[in-house]
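Here is a short report on one model. It covers a sheet, a pocket and a loop residue.

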Amino acid sequence: MAGRRLASAALLTLLLAVAVAPLSSAVRPVSDAHRSAAAELFAPSADGSFGDLESTYEAVRTFHILGLDKDKSLTGKVCKFAAEKLASPASSLAKDLFHAVRISGALGCSVDPGVYNGVVARFKAVIKDTNSLLEFYYSVGGLLSIKEQGNNVILSDAESTFHAIKALSQSDGRWRYDTNSAESSTFAAGIALEALAGVVSLADAEVDPSMIGVVKNNIVKLFDTIKSYDDGTFYFDEKHVDANEYKGPITTSASVVRGVVSFGSVASGKLDIPGDKILGLAKFFLNIGLPGSSKDCFNQIEALSILENNRLFVPLILSLPSKVFSLTSKDQLKVEVTTVFGSAAPPLKVNLVQVLGSDSKVITSENKELQFDHDNNVHYLDIAPLKIDVGKYSLVFEISLQEPEHETAYATGGRNTENVFVTGVIKVDKAEIGISDNDAGAVESVQKLDLLKDTKVSLSANHLQKLRLSFQLTTPLGKTFKPHQVFLKLKHESKVEHLFVVPGSARQFKIVLVEYHPHPLLQFTLLVFSVIVLCSLNHDANRTNKDFLGLVEKLYYLSGRYDLELAVGDAVMRPQKKPHAHLHKLLTRSLQIWAKGRDITHIPCAREEATQGTLACIHESYTSAFYRILNRGPAAFASLFHAGIGAVLLLYVLFWVKLDLFTTLKYLGFLGIILVFVGHRALSYLSSASAKQKTA
């Protein structure tokens, strides 16, 4: 705007480069955001219920893990709901009894021992008669839950039950749901392993060690089918199952985690599972963020809770509280290493071993150890010595445990890669604007004016001249910065705006006047114009120049004051209100452009002549506008030429619909004469203008 003062001798802007990759969101431990999401997803209905028994158990279990205290009256209603199902075990499904028993155990509901005796008998009867994996899972799991609540429960035929479940396994580590199933399932493998672990826990004698070894081998084969992402995330999914049996990767992965950890806790020795796959599963569940359904929330939270407290490997998560660092404010690189629920990690060291650029080019391979802040439990490092400039980088960290015995108890994943974004104040100076008289754009032919001063700019140009803007951009390290995106907006004092979008390559940019709203009085005159502004943006090593050819003509001869707004961005634009805003106004100055020639005017009809003289007034207006167009030069003849082409096409349509051949040829000859005349004049003007510029 006119008279606006810049804050300093150098214009400043923050530039933030952002890139998105699949599953590249920040991996952070479980937080209060997960607790809020769980409370919302498992909100009880008006009568205080959570739905069926399965949904109720999932809500109770999730609240218990996250430490969410519910109203005691609500707990009483849930216990009563479970007790009603346990009161009639003979007529209840094993699945319903299984969930009712687990609800009672999770909430500590008071259940009469006689009630549990009937439920135990029901479960044992199901185990004896079934060949379904799900029935085995519900019955064995229900018995184990009753035992964990302090009741004496023994499975006398544990050996045969173990063999019956194992008989449904496949050579690739997956399981079938029953003997009639044609396809095997990864989800079924998880519940089978959990059922086998329950059988071992309920057995009155040791289960055959050779069978335990066979199951361990099946687990190794099952982990051979695990899938992964490039960032070290691992997950399980189904291969070939019916649509009604497909559970999705979250439910399937959670099932495998429950089964593998459960079996590993009862089997002698340690399972041969790599620690990086355990860590990758933890990353998978954390990468979910805040789930969108109660089922996913339950599977996420319970799987992470199981991984937090397992005897295989406890995953340690490396995370960054912030992934955006400012060179200007000298931010520190901070790294946290915790368990999945944010508990403190054992003594360890974190080293930055490599820095990669956005093109995977190695910036530095110098090994730097991060300092440890005991008070805040974070590792930190100053980024200034790294000599990295603004942009996107990949930081490669390495975690090393200080105690040897911890290496078999914790999974660190070796090297961890995190994407970060470095920002900084980009200095913009030597901003100039002027009128260039020829294509060469020599210094002596450009009327330069420093826009950093508190002045107005008055310019006068014709359609053969160009408006030139130039400025320099430098990074905090003094390197030349070349913007990826440039936007220019010229706003006339009449509120008419001209927006120029500047895409292009490193050497040349072309911009198009994408929006123009003519004044209603000029509507007819401007309808015959089809205007596209092509402007070149020439880059050299130090400067960025934008030349707008024939700017005055493209502004439709609207003389007056213009507010000029120039915006520069890099990679991805962000809203200006965010802390690290990306879109900033580099220049805002008033400039006055006066066209050499009279403005276009409109000849209105007098109100009193609106009835009898309407046709005469319209004819006078159209004729006046036509002669004014003829006086406008090459643009007018070019527009008339295109209009003539449109008339010819319209004539063809009329010939097809109504006219005969001879009438059409007569009109076509008349239009052809006009096209030859205006086309010749347009080419003559262009040839003459080019010759004048070459001789200038």
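Four strands form an open sheet in the order β5-β7-β12-β11, with antiparallel pairing. Strands are DSSP runs of E, at least two residues long, and helices are runs of H or I, at least four long, numbered from the N terminus. Two strands pair if DSSP finds at least two bridges between them. The edge strands, β5 and β11, each pair on one side only. Neighbouring strands of this sheet are turned by 30° against each other on average, direction ignored. β11 pairs with β12 in the antiparallel sense over three bridges. Y380 in β12 is the bridge partner of Q371.

The model is predicted: local features need pLDDT of at least 70, side-chain atom pairs count only at pLDDT 80 or more, and totals for chains, interfaces and linings use all residues. Residues are numbered from 1 along each chain as its sequence is written, and side-chain values use heavy atoms, leaving out hydrogens and water.

The largest pocket has a volume of about 1300 Å³. Its lining holds 43 residues; R102, Y137, E194, R258 and E302 lie nearest the centre. The lining divides as follows.

| Class | Residues in lining |
|---|---|
| nonpolar | 16 residues |
| polar | 15 residues |

S169 lies in the loop between α7 and α8.

Definitions and conventions
Axes are lines fitted to C-alpha atoms, for helices over the stretch in contact, and angles run from 0 to 180 degrees between N-to-C directions. On a 1 Å grid over the protein atoms alone, a cavity is a set of points where a 1.4 Å probe fits but cannot get out, and a pocket is an open set with protein on both sides within 12 Å along at least five of seven lines; lining residues have an atom within 4 Å of a point. Grid points are joined across faces, edges and corners, and a volume is the space filled by probe spheres set on the points. Ala, Val, Leu, Ile, Met, Phe, Trp, Tyr, Cys and Pro count as nonpolar, Asp, Glu, Lys and Arg as charged, and the others, Gly among them, as polar.
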